[in-house]
Amino acid sequence: MFSFHTEDQNAEKCNLDLVCTWHTDESYNVFHDSKSKQMFFEQDKFGRTIPIPYNLKTLILRSSGSKYNIMEIDLTNNTLESVDLSDNILTRWIGPLRNVTNLRYLDLSSNMCSNVSTFFFSPDFNMLKKLSLRNNLLGLALPSDSHGNTFQHLLNLMTLDLSQNRISKLPKLIFKSQRKMEFLDLSDNFIENIDFQLSHLIKLSYLDLRNNFITFLDSHTIVEINSLVDKGNNLSIYMFENKLVCTCNSKSFIDWMGSTSVHIVDKNNYFCQLSTGKRVLMENIPELYKRLEKDCTSYEVLTYGLVVTILLFIIVMIMGICYRFRWKLRYLYYMVKIRSRSKIPQIDKDTNEYMYDAFVSYADEDQSFVHTQLLQTLEKENDIRLCLHKRNFLPGNDIATNITSAIHNSRKTVVIMTYHYLTSYWCMFEFNMARMESIYERNNENVLFLVVFEQISACDFPLQILEVVQSQSYIEFPNDEQGDVVFWQQLVMALE
């Protein structure tokens, strides 16, 4: 110990037959081979077969300046129980190490190791009780072992020291085989959350989490710790010098600290940071929890109230906008639908030609007037092309699409206004689609032409129709023969 050992280039060739002739173990015959009569040290590697005195119980090679990568090693038959290789420069532990079936204690601390393979600890380590890996760089290697294979063969391990290893996170299954572990030291690391599984460590009595970055234990970790207590464990946890917080998010953790039967070592001397940034001593945890609960309750009510209010405001605003522009939205929807179907004919905007001179919007109860007088006078006598839903709508398309297409492909829309028209859903749909066509496709051109077929009181008109009646010209159907001639002349002029 405490001296530097380097490979002797002119090592004495020991005759092991002379030294060990008293031993009857046939396995020592391997040293009759001249290639095996010395310890094999290659540059920067420590491996192959290493002869160990059979009765040697303790091997201490501490602080010897050994600088090797531990490769595959087979020890000769031995009864080693304790090995101390701490404070060296054994930076890579590849292994596997075999023939260590009697080993109870292994110390590999302070070796600047940043790489340990998942098969370094071979099945021959099944009797190991205490393992010290303190002050290494295993935080670079262990987080990637998602299947927990590194320690899987250490079935009888009782004490594990992983302190000062720059560990920020440990995989869930990293300690999957350590059901007999009693002492686990994770102090002086960078751990923020306890992500590894705890509930199966039924023998665990001390968990050291000092000097990490833990702010609080989440509900899942608390449940796992409580399950250990329920199984009869006398568990102690040490969390001194962590970055504990006393906020609304950690409220359940503070409550647990004050009420749990787990022994939290020296907990009255812990400090935690409030949401205001002030650090307070946790000397009276129940009182601190009551204060926290009171503050968080008011904040929660205020937060929930604000969130609900904002959501309701947004919903009402969206509904109001949708209602205000409901016909525009429906019109745009059906126009997009029309233009996406090549089988529906479209107008030629360059020549400003339309398929029809007028689309006639009428209620089914008034079809006798439309199909006799209106069709005869306008289409047959004056060659005005009309679009009637009974005759010109394309089969296979839904009604709304046919209506929107007919209005879009007609120069005018003639509305036969009656009480039946006002009570018909599809008639009002046609009227509003014609209004949207006028506003958004024809640059506010007067597309609608109202024919008041029967006397209707102004109070019976819906607001949108009354607005059109008051702002645009309309024509009333006469009840006398002389007026009938003038009516048809005006209608023909309006549509030509």
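Predicted model: local features only at pLDDT ≥ 70, side-chain atom pairs only at ≥ 80, totals over all residues.
Me: Is Glu437 buried or exposed?
Reply: Start with where Glu437 sits: helix H10, residues 425-440. Its relative accessibility comes out at 0%. The cut-off for buried is under 20%, so Glu437 counts as buried.

Me: Which side chain makes a polar contact with the side chain of Glu437?
Reply: Leaving aside neighbours within four places in sequence, Glu437 is in contact with Tyr331, Ile407, His408 and Arg442. For the side-chain polar contact, the distance is 3.1 Å, and the partner is His408.

Me: How is H8 oriented to H10: roughly parallel, roughly perpendicular or oblique?
Reply: H8 covers residues 399-408, and its axis runs 10 Å from that of H10. The two pack at an angle of about 40°. Angles under 35 degrees would count as roughly parallel and 65 to 115 as roughly perpendicular, so H8 is oblique to H10.

Me: How many nonpolar residues are in the contact of H8 with H10?
Reply: On the H8 side you've got Ile399, Ala400, Ile403, Thr404, Ile407 and His408, meeting Trp426, Phe429, Glu430, Met433, Ala434 and Glu437 in H10. By class, two of the residues in this contact are polar, two are charged and the nonpolar ones number eight.

Me: How far apart in space are Gln373 and Trp488, C-alpha to C-alpha?
Reply: Gln373 belongs to helix H6, residues 367-381, and is partly exposed at 38% relative accessibility. Setting aside neighbours within four places in sequence, its contacts are Ser368, Phe477 and Trp488. Gln373 and Trp488 are 115 residues apart in sequence, and their C-alpha to C-alpha separation in space is 9.9 Å.

Definitions and conventions
Residues numbered from 1 in each chain as written. Heavy atoms only, no water. Helix = DSSP H or I, 4+ residues; strand = E, 2+ residues; numbered from the N terminus. Buried < 20%, exposed > 50% of the residue type's maximum accessible area, 1.4 Å probe, protein only. Polar contact = N/O pair within 3.5 Å; in protein donor to acceptor, adjacent residues only side chain to side chain. Contact = heavy atoms within 4.5 Å. Axes fitted to C-alpha atoms, helices over the stretch in contact; angles between N-to-C directions. Parallel < 35°, antiparallel > 145°, perpendicular 65-115°, else oblique. Nonpolar A, V, L, I, M, F, W, Y, C, P; charged D, E, K, R; others polar.
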